[in-house]
Amino acid sequence: MSTQGEILWVDDEIDSLKSQILFLKNKGYEVTPMSNGHDALELLKEKDMDVVLLDESMPGMTGLETLAKIKETHPQMPVVMVTKNEAEYIMEEAIGSQISDYLIKPVNPNQVLLSLKKIMDTKRLVSERTTSAYQQEFRNLFMALSSSPDHEEWKELYKKLVYWELEMARSDSSEMMEVLQSQKSEANTEFSKYVSKNYAKWIKNPDSAPLFSHDVIKKKVAPFLEKGKPSFLLVIDNLRYDQWKVLQPIVNESFKTIEEDSFYSILPTATQYSRNALFAGMLPVDIEKKFPNEWKNDDEEGGKNLFEETFMRGQLKDLKLDGLKWQYIKITNNEDGKSFEDNIHNCLNNDLTVVVYNFVDMLSHARTEMEVLKELAGDEVSYRSLTVSWFEHSPLYRAMRKIADKDIQVFITTDHGTVRVKQPSKCIGDRHTTTNLRYKHGRNLQYEEKDVLAFRDPREAGLPRPNVSSTFIFAKEDVFLCYPNNYNHYVNYYRNTFQHGGISLEEMIVPVIRLHSK
């Protein structure tokens, strides 16, 4: 008989429940009996269960204590509380800790069976509902893809794909997830063609362009700034739209979302270009003209993001907002984060506090260097989960909560996203060629034409020209650029890692959010 599900039953008088356990086994359930919370937690480290039946009054570690520990490590695990006691406070505490159901002792075997069916079938029904709703939507998405979307429609389309990706991840339907992934991959193919065809036109004629990095502060932040009203602009490096969507419910516990939009990161979707453009309010080619000493090209020595404060000051002046009291804070490690958390109340004296938070960037770069992170963030689902774990325990979130009761507004945005790379493409350049995996510039570059968008004159892409024969190339879809020497090692090392710099929905269409304290 195929198993109906795996049940862990934890009760200090487990021997007295043999007849109930036998009843469930006859109904097709696998039941693992345990007599205390400690053993149950050890087992759950090794093995996932479909449902835990948990006795509330056990000596030593109580049922509620065990429940709290289960929810720490398995927040989605359904738990049914079994109690002798209908005392209200016990049930309130248990329900507050997200139990799925509770039963009063002595338990009747059919009662247990009904509870299990309700939980397991709900899970299955949610999965089925999600699958059939997506099947209906699939055709609409397909039609939208083939009807030459414009830049606003691409934003909507990507939003829908992310919505379904998150729904699928919740409902655990691997077959439909595969269908969705192939639809997303098809969308990225079309999107790369679309950007390749239009990018130079957009740079030449800004009126036809989407909202780009260098217009975000002018259009999405500046109109809402005022003297005497504290505002925070949080630029979380490398934050994809899907990562924002999993952080949103946590943020919304303290702040309400007033506006959620997205914008197109400029090319290359790399920090020293897109973030400098964001702060300067201009394209890199213009930053180089206005700030010749501060702008650094990839092949020059020195940090490439050391002058964000200078650029921001220039932009505030251009926007006639230089009368605002403002401060720039950059957080690149946990110590900086703690210091920000400790001093957050001082920021309430500013009209604007700009915070650059580099954690997500550290995470995704470390992801390629550290085997541990390769294990932890092997795909989009685990990458999002890691983002949530980081945020919930970050000084940034603690700092935000500290001031959530004040009358403040918060803008959350980013410089670019990341894409998981899968397809290697050979590229040859001289020793001055840049090392990035998703874009390169150099002289005498040789590359596969079909895999990249190339600009022989970088100024057409709004970029400085490091020297007369510099070419810029941007990888499309999920391509990563590899040198032919030591090719196989390189391919195996970087395949399936999250990278940025090129053209994909995930890298280019990124969130800009306006929040207000509740």
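The largest pocket in this predicted model holds about 2,100 Å³ of space. A pocket here is an open set of points on a 1 Å grid over the protein atoms alone, where a 1.4 Å probe fits and protein lies on both sides within 12 Å along at least five of seven lines. Its volume is the space filled by probe spheres set on the points.

The lining of the largest pocket comprises 43 residues, with Pro75, Gln76, Met77, Ala169 and Arg170 nearest the centre; a lining residue has an atom within 4 Å of a point. By class, the lining has 16 nonpolar, 14 polar and 13 charged residues, where charged means Asp, Glu, Lys and Arg, nonpolar means Ala, Val, Leu, Ile, Met, Phe, Trp, Tyr, Cys and Pro, and polar means the others, Gly among them. Helices (DSSP runs of H or I, at least four residues) are numbered from the N terminus. Among those that supply at least two lining residues each are H5 (109-145) and H6 (151-171). H5 gives the largest share, seven residues.

H5 and H6 also pack against each other, at an angle of about 160° and with axes 10 Å apart. H5 is therefore roughly antiparallel to H6, a term for angles over 145 degrees. Residues of H5 including Val126, Tyr134 and Leu145 meet residues of H6 including Trp154, Trp164 and Ser171, contact being heavy atoms within 4.5 Å. This contact has eleven nonpolar, three polar and three charged residues.

Residues are numbered from 1 along each chain as its sequence is written. Local features need pLDDT of at least 70, side-chain atom pairs count only at pLDDT 80 or more, totals for chains, interfaces and linings use all residues, and side-chain values use heavy atoms, without hydrogens and water.

Conventions:
Axes fitted to C-alpha atoms, helices over the stretch in contact; angles between N-to-C directions. Parallel < 35°, antiparallel > 145°, perpendicular 65-115°, else oblique.
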